[in-house]
Amino acid sequence: MLDRTQRTRRRIFAAVAAIAAVVVLAGCGDSSGPDNDQNALQPHGPYAKKILDLTRPFFWIAVVIGIGVTFATIYVALRFRVKPGEERAPVQVHGNTVLEVSWTIVPALILAVMAVPTVATIFDLAKKPTDPRTIHITVKAHQWWWEFDYEGQGKKNVVTANEMHIPVGVPVELSLKGPDPCTTANCYNNGVIHSFWIPELNGKKDVVPGRTQFLKLLAAKPGTYLGQCAEYCGLSHADMRMRVIAQSADDYAAWQRSQFDVKPQAELLKGVHAVDYKCGNCHSFEAGKAGAVAPNLTKLADRTAFAGDIYRMNYDNLWKWIYDAPGRKPLGPLVDSMPAFKDQGMTEAQAQEIACFLLKNTATNPQPVPGCPS
Ligand code: CUA
């Protein structure tokens with residue numbers, strides 16, 4: 001007989017297990033909602049689809065094997081257990097050649113069969129696109145944001161951050177450049193691996209210090225495809241997101257043109273507090289020119305989000321970020337990044353002025369911003 005405490009304990013355990021099961025199973029629910037935009041099960045291009053086509057049959061093979069092994073284990077445990085009152089030791093068996101050979105050969109065969117389409121897919125995805133329209137973009141991983149540098153192609157470069165625009169139906173060849181390899185004791189700053197992943201457009205690829213890796217993207221239809229750094233890279237790893245905006249050829253060309261419709265940096269920044277706080281030392285406001293250590297802010301106001309794509313682009317988020325970035329996103333003690341300007345004497349009014357300036361002067365079509373002078 002179970003005593004009272006034991007019964008209570010069992011009930012608590014059952015309740016906790018039930019709640020845990022509900023939480024875990026909720027993850028298997030409808031994943032097509034608006035908040036589930038990083039969904040490898042809903043590919044929007046041929047490369048991601050290729051991966052899913054490989055995954056699906058393997059998943060079911062794994063389910064069959066998993067269920068078989070689980071039930072066989074439970075069956076054996078129940079069938080051959082020592083029953084209450086039984087004194088005997090179980091029958092001792094040593095070796096069974098037929099069984100041992102077959103449970104070695106069968107899995108080896110299954111794995112050999114699965115290797116054929118796997119290897120074919122790996123080689124296929126490693127092929128560089130041959131389409132002459134292919135767009136080349138160099139992706140640089142920083143702690144903690146992404147820099148996208150569009151290589152010339154007869155035009156001037158576009159350098160942007162966190163938000164990548166691509167034309168629909170055209171392959172995109174990414175050169176994923178890791179930071180320079182760590183040569184000092186302060187490896188925290190530059191020696192980390194990141195991973196670029198837009199689940200709806202292709203698999204993930206590590207971005208490794210000192211190396212250049214290849215990954216390609218192709219979006220089948222216009223849309224926004226969200227991504228996330230997929231390799232732990234420090235305090236703000238979870239805040240290192242990105243988005244790919246796939247557009248029609250015309251919209252893409254218009255976006256590219258808009259990047260060059262800017263005033264020279266010196267003229268642009270004249271008279272604004274952005275100068276007092278030396279924003280231009282780290283950021284660049286020039287088309288096609290990377291910032292020294294921070295994102296290029298050309299057409300910043302046209303972007304959907306900022307700060308590693310975690311904050312919606314609006315007045316409130318922007319001035320609070322300028323005022324106290326480390327308070328809005330963990331930046332790490334050793335990383336050379338956006339300081340807490342509030343500790344350097346910046347007032348809220350100054351942060352608001354800079355936010356208004358950015359929202360107005362880096363927008364292709366400036367809209368009146370509530371809270372800002374028109
Ligand atoms: Cu970058 Cu995780």
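Guide: A salt bridge is a side-chain nitrogen of Lys or Arg within 4 Å of a carboxyl oxygen of Asp or Glu. This is a predicted model, and the structure holds seven salt bridges.

Visitor: Why is the contact between Lys 50 and Asp 124 called a salt bridge?

Guide: Happy to show you! The N to O distance between their side chains is 2.3 Å. The cut-off is within 4 Å, so the pair of Lys 50 and Asp 124 qualifies. Lys 50 belongs to helix α2 (residues 46-79) and Asp 124 to helix α3 (residues 97-126), so this bridge ties together parts that are 74 residues apart in sequence.

Visitor: What makes Lys 50 partly exposed?

Guide: Its relative accessible area is 33%. Buried needs under 20% and exposed needs over 50%, so Lys 50 falls in between. Asp 124, with 23%, is partly exposed as well.

Visitor: And how do you know that Lys 127 is exposed?

Guide: Lys 127 has a relative accessible area of 52%.

Visitor: What makes Asp 309 and Arg 243 a salt bridge?

Guide: Their side chains meet at 2.9 Å, N to O. Asp 309 sits in the loop between β11 (305-306) and β12 (311-312), and Arg 243 in strand β10 (residues 241-247), so the pair links parts 66 residues apart in sequence. Both Asp 309 and Arg 243 are buried.

Visitor: Which residues do salt bridges with shared partners join into one network?

Guide: Those are Lys 50, Asp 124 and Lys 127.

Key: Residues are numbered from 1 along each chain as its sequence is written. This is a predicted model: local features need pLDDT of at least 70, side-chain atom pairs count only at pLDDT 80 or more; totals for chains, interfaces and linings use all residues. Side-chain values use heavy atoms; hydrogens and water are left out. Helices (H or I, at least four residues) and strands (E, at least two) are DSSP runs, numbered from the N terminus. Buried means under 20% relative accessible area, exposed over 50%, partly exposed in between (1.4 Å probe, protein chains only).
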